[in-house]
Amino acid sequence: MSKKKSAFLGTQFITATISTTLVLVLLGIIVLFVHTAHNLSTYVKENINVSVLISDDLDMKQIADMKNSFEKSEYTKSVDYISKEQALQEEIKAQGIDPTEFLGMNPYTASFEIKINADYANPDSLSMVVKQMKKDARIVDVVYSKDLIKSVNDNIRKLSIILLVIASLFTYISFALINNTVRLTIFSKRFLINTMKLVGASWGFIRKPFLLRGLALGIVSAAIADGLIIAGLYWLRNFEPAIVNIIDLNAVIIVTASVFAFGILITFLCTFFSLNKYLKMSSNELYYV
C-alpha cells in the first residue's frame, strides 16, 4: 500500500471512524424510537378489547349478520365471536372450576370481542361508538375498560413528548461529537494547510483531499452503523418475533437511510467549515489556537 493510502486509512482515520460510527448508531436508535412510537401507539390501542354481550335468543344467521355488520364498521379492526360454550370452557381453563356444577346452568353470555381501530381508541370516540351499539336491542351490554383507554392515551401522549425532547437533545449531541471528531482531525493538519497556502495553493486545491477524506469517513461510518443497527434488529426479531408489529420494514429503511444521509452530510459539512477556519488564519494565529 502506498504512503498516500496509508495516511488516508491510517490510525487517525480508523479512530475517527469508530467514534463517528458509535455516534451514528446512537442517533439511529433515537430515530428508530421516534419513528416507531406511532407504530407502538397503534399496536397498543388496537389490542384493547371491547366485549359486546348479545342476547341468548339469537340464531346463527342473526349472529352471522351481526358479525358481518361489525366487520364493515369503520371503527372495527377485527372481530371474533365467542359462544356461551366457548366462554364457559375458557373460564374453566382459567379458573379450574366449572360453575355449572353448583349453578346448574351456564352463566355466561355469547359475545363479540372487538378490537377497535387506533383512531377510535380514545374515550370520546369510543363512548360514541358504545352509545350507538347499545341502541341495538339484540345487544345486552357493552363492556370495556374506560380507565385503561384513558391511561393508554395519557401515557402515549407523555411518551411522545419525552421522545421528542430526547431526540432533539441527542441530535444536538450527535452533531457536536461528530463535529469535534472532524475538527480534531483538521486541527492536527493545520500547519500542513498553512504550508500549502504559503506555496500558493488555492483554497479549492487544499480543500479537495480533506473533503474527500471527510466524505469517505461519513460513508464508511454510516455503512458500519447501518450494519450494526440491522444486525441488532435481526437479533431482536429472532428474540421476540412480535416486534415486527412495531418495527416494520418501512421503519428499518427510514432509519438506515437517515443514518447514512446524516453521516455523509455532517462529516462533509464539518470538514468544510473546520477547513475554512484554518484557511482564514495567518501563520502567527496558528500557534495560539
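**From a surface patch to the cores**

Let's start at Leu-40, which is found in helix 2 (helices are DSSP runs of H or I with at least four residues, numbered from the N terminus). This is a predicted model, in which local features need pLDDT of at least 70 and side-chain atom pairs count only at pLDDT 80 or more, while totals for chains, interfaces and linings use all residues. Residues are numbered from 1 along each chain as its sequence is written, and side-chain values use heavy atoms, with hydrogens and water left out.

Leu-40 counts as partly exposed because its relative accessibility is 32% (buried is under 20%, exposed over 50%, partly exposed in between, with a 1.4 Å probe and protein chains only). Together with Tyr-43, Val-44 and Leu-159, Leu-40 makes a nonpolar surface patch of about 280 Å². Such patches take residues with over 30% relative accessible area and no salt bridge, nonpolar side chains being joined within 5 Å and like charges within 9 Å; a salt bridge puts a Lys or Arg side-chain nitrogen within 4 Å of an Asp or Glu carboxyl oxygen. Areas come from the Shrake-Rupley method with a 1.4 Å probe. Helix 2 gives the most to this patch, 3 residues.

Now to the inside. The largest nonpolar core has 35 residues, and Leu-24, Ile-186 and Ile-206 are among those with the most contacts inside it (a core joins buried Ala, Val, Leu, Ile, Met, Phe, Trp, Tyr and Cys residues through side-chain atoms within 4.5 Å). Helices 2, 7, 8, 9 and 10 each give two or more residues to this core. Beyond its neighbours within four places in sequence, Ile-186 is in contact (heavy atoms within 4.5 Å) with residues including Ile-193, Phe-210 and Tyr-278. A second, separate core of 24 residues includes Phe-70 and Val-142.
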